[in-house]
Amino acid sequence: MTSSDKVIFHYVIPGYAALGGPLRFLLDDSGVDYEFDLIPWDDFVSKVKYQWIESGYPFDQAPMIEYKGKRYSGNMPIMRFLSKKFGKYVPADEDVEQFVDCTLDAAMDWNRARFTYVQRGKDGIEEYEKQHLDVFFSRFERVYKYHDGPFAAGQQITYADFYVFFVINLPLHREHIKEYPKLAEFADIMYARQSLQAGIEYMKTMPNPKDD
């Protein structure tokens, strides 16, 4: 791989937190050379985003990657784009690919819902756990049963699996995985994947919002 093939991943939150987690899991697993560029938030909002605009790039949001001299934005679009560029994580069958896209979209919905309730504090977390947590876990239990394999697409790991794994492995969710057999099988396979160990260890250090 030449230096121009190196992926530079620009983001504003450290480690494997927030939107960076699923994308870094994918990058780690792919084996490609990449650099994680952590931009301090104050620098991003006061300088960096404006530098991107002044350079002629229309999007002023992170995450953003640079690859082979070009810039690409959007968390979900980046995951799809890199998977196609690397020739990995994309089903050959278009119907299965649509299912994988839907899985990723639903996982992002889950993550946004979790964040919304957590922002409301103790009462929001309690409502989320009582009224919504099982709805989301049950939905993904059905998803992972559908193609009769450990992954959403069946036997092939895809870009959606990295996002789903990130969401179910969040501190607020992790203890519930064992209650859903198909997701537990999927999680065990991901936990055993050597390429993901750095991210898994980082996620163990992430605070549980229930402890605040």
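## Close-up views of the predicted model

**View 1. Asp5 lies in the segment before strand β1.** Helices (H or I, at least four residues) and strands (E, at least two) are DSSP runs, numbered from the N terminus. This is a predicted model, in which local features need pLDDT of at least 70 and side-chain atom pairs count only at pLDDT 80 or more, whereas totals for chains, interfaces and linings use all residues. Residues are numbered from 1 along each chain as its sequence is written, and side-chain values use heavy atoms, with hydrogens and water left out. Is Asp5 buried or exposed? Asp5 is buried, because its relative accessible area is 18%; buried means under 20% relative accessible area, exposed over 50%, and partly exposed in between (1.4 Å probe, protein chains only). Setting aside neighbours within four places in sequence, Asp5 is in contact with Tyr67 and Lys68, where contact means heavy atoms within 4.5 Å.

**View 2. The hairpin of β3 and β4 has 2 residues between its strands.** Here β3 (residues 64-67) and β4 (residues 70-73) run antiparallel and are joined by 4 bridges. Two strands pair if DSSP finds at least two bridges between them. Tyr67 has Lys70 of β4 as its bridge partner. Lys68, in this hairpin, takes a positive phi near 55°.

**View 3. Four strands make an open sheet in the order β2-β1-β3-β4, with mixed pairing.** At the edges stand β2 (34-38) and β4, each with a single partner strand, so one side of each is left without a neighbour in the sheet. From one strand to the next, the twist averages 20°; angles run from 0 to 180 degrees between N-to-C directions, and axes are lines fitted to C-alpha atoms, for helices over the stretch in contact. What links β1 to its partners? β1 (residues 7-11) runs antiparallel to β3, with 3 bridges, and parallel to β2, with 5 bridges. Phe9 is a handy landmark to look for: Phe9 stands opposite Ile65 in β3 and opposite Phe36 in β2.

**View 4. Helix α1 packs on the sheet, touching β1, β2 and β3.** The direction of α1 makes about 165° with that of β1. How many residues of α1 are buried? The helix is mostly covered, with 11 of its 11 residues buried, among them Arg24, Asp28 and Asp29. Their cover includes α7 (159-168) and α9 (197-204), along with β1, β2, β3 and α3. Gly31 follows α1 and has a positive phi, near 80°.

**View 5. Helices α1 (residues 20-30) and α3 (residues 75-86) come within 10 Å at their axes.** The axes cross at roughly 10°, and the two helices are therefore roughly parallel to each other; angles under 35 degrees count as roughly parallel, over 145 as roughly antiparallel, 65 to 115 as roughly perpendicular and the rest as oblique. Pro22, Leu23, Leu26, Leu27 and Ser30 of α1 meet Asn75, Ile78, Met79, Leu82, Ser83 and Phe86 of α3. By class, this contact has 8 nonpolar, 3 polar and no charged residues. Ala, Val, Leu, Ile, Met, Phe, Trp, Tyr, Cys and Pro count as nonpolar, Asp, Glu, Lys and Arg as charged, and the others, Gly among them, as polar.

**View 6. Lys182 sits in helix α8 (residues 181-191).** Lys182 counts as buried because its relative accessibility is 15%. Not counting residues up to four places away in sequence, Lys182 touches Glu141, Tyr144, Lys145 and Gly149.
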